[in-house]
Amino acid sequence: MPTTTPPSPDVRALFDTYAATFATHDVDAILALHSPGTQFWLHNGEQPIHGRSAVRDTFATMFAQWPEMGFDIYRVIVGDRHWVLDWALTAVLTDPDGNRRPIRFDCLDVVTLDDNGLVERKDTFIDLPQAQAALAPAAAAGSRGHS
């Protein structure tokens with residue numbers, strides 16, 4: 001009996017949908033694009049997160065901590081069942097003294113899809129020196145006056 005291979009998903013269209021949905025910060029809509037056994041790994045020294053529920057909690061916490069988080073896309077490279085996104089995280093932080101300060105640092109996502117075109121794994125790598133430099137003024141302002 002011949003085997004059939006599921007058709008390859010339109011990866012660019014899936015990416016476009018994912019990016020537009022992620023920009024809304026609607027965690028449930030984002031998770032609808034993930035497989036039940038999805039994995040998210042923010043490569044910042046933490047361990048990967050497994051399953052929709054855990055990923056939902058992680059994204060909800062992230063959006064609560066960074067309510068003005070956005071992104072600028074440099075380039076998207078698509079393959080048969082994956083995309084690589086070269087992007088910059090943008091946000092506006094409020095320093096302890098009440099000053100609002102825009103930040104930006106580069107990131108890279110590697111996203112793989114399952115046979116149904118759902119995200120099965122999302123790895124996010126951050127440019128750590130850039131992130132530390134962007135976040136350092138807030139940390140320094142928070143420590144001033146606290147001796």
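The following conversation concerns two residues of a predicted model and the confidence in its chain.

Student: What should I know about the model before we start?
Tutor: This is a predicted model, in which local features need pLDDT of at least 70 and side-chain atom pairs count only at pLDDT 80 or more, while totals for chains, interfaces and linings use all residues. Residues are numbered from 1 along each chain as its sequence is written, and side-chain values use heavy atoms, with hydrogens and water left out.

Student: Where does aspartate 123 lie?
Tutor: Aspartate 123 belongs to strand β6, residues 119-126; strands are DSSP runs (E, at least two residues), numbered from the N terminus.

Student: Is aspartate 123 buried or exposed?
Tutor: Aspartate 123 counts as buried because its relative accessibility is 6%. Buried means under 20% relative accessible area, exposed over 50%, and partly exposed in between (1.4 Å probe, protein chains only).

Student: Now asparagine 99: where is that?
Tutor: Asparagine 99 sits in the loop between β4 (82-94) and β5 (100-113).

Student: Why does asparagine 99 count as partly exposed?
Tutor: Because its relative accessibility is 46%. The side chain of asparagine 99 also has a polar contact of 3.1 Å with that of aspartate 97.

Student: What is the average pLDDT of the protein chain?
Tutor: The average is 90, and 87% of the residues score at least 70; pLDDT is the predictor's confidence in each residue, from 0 to 100.

Methods:
Helices (H or I, at least four residues) and strands (E, at least two) are DSSP runs, numbered from the N terminus. A polar contact is a pair of N or O atoms within 3.5 Å; within protein, one must be able to donate a hydrogen and the other to accept it, and residues adjacent in sequence count only if both atoms are side-chain atoms.
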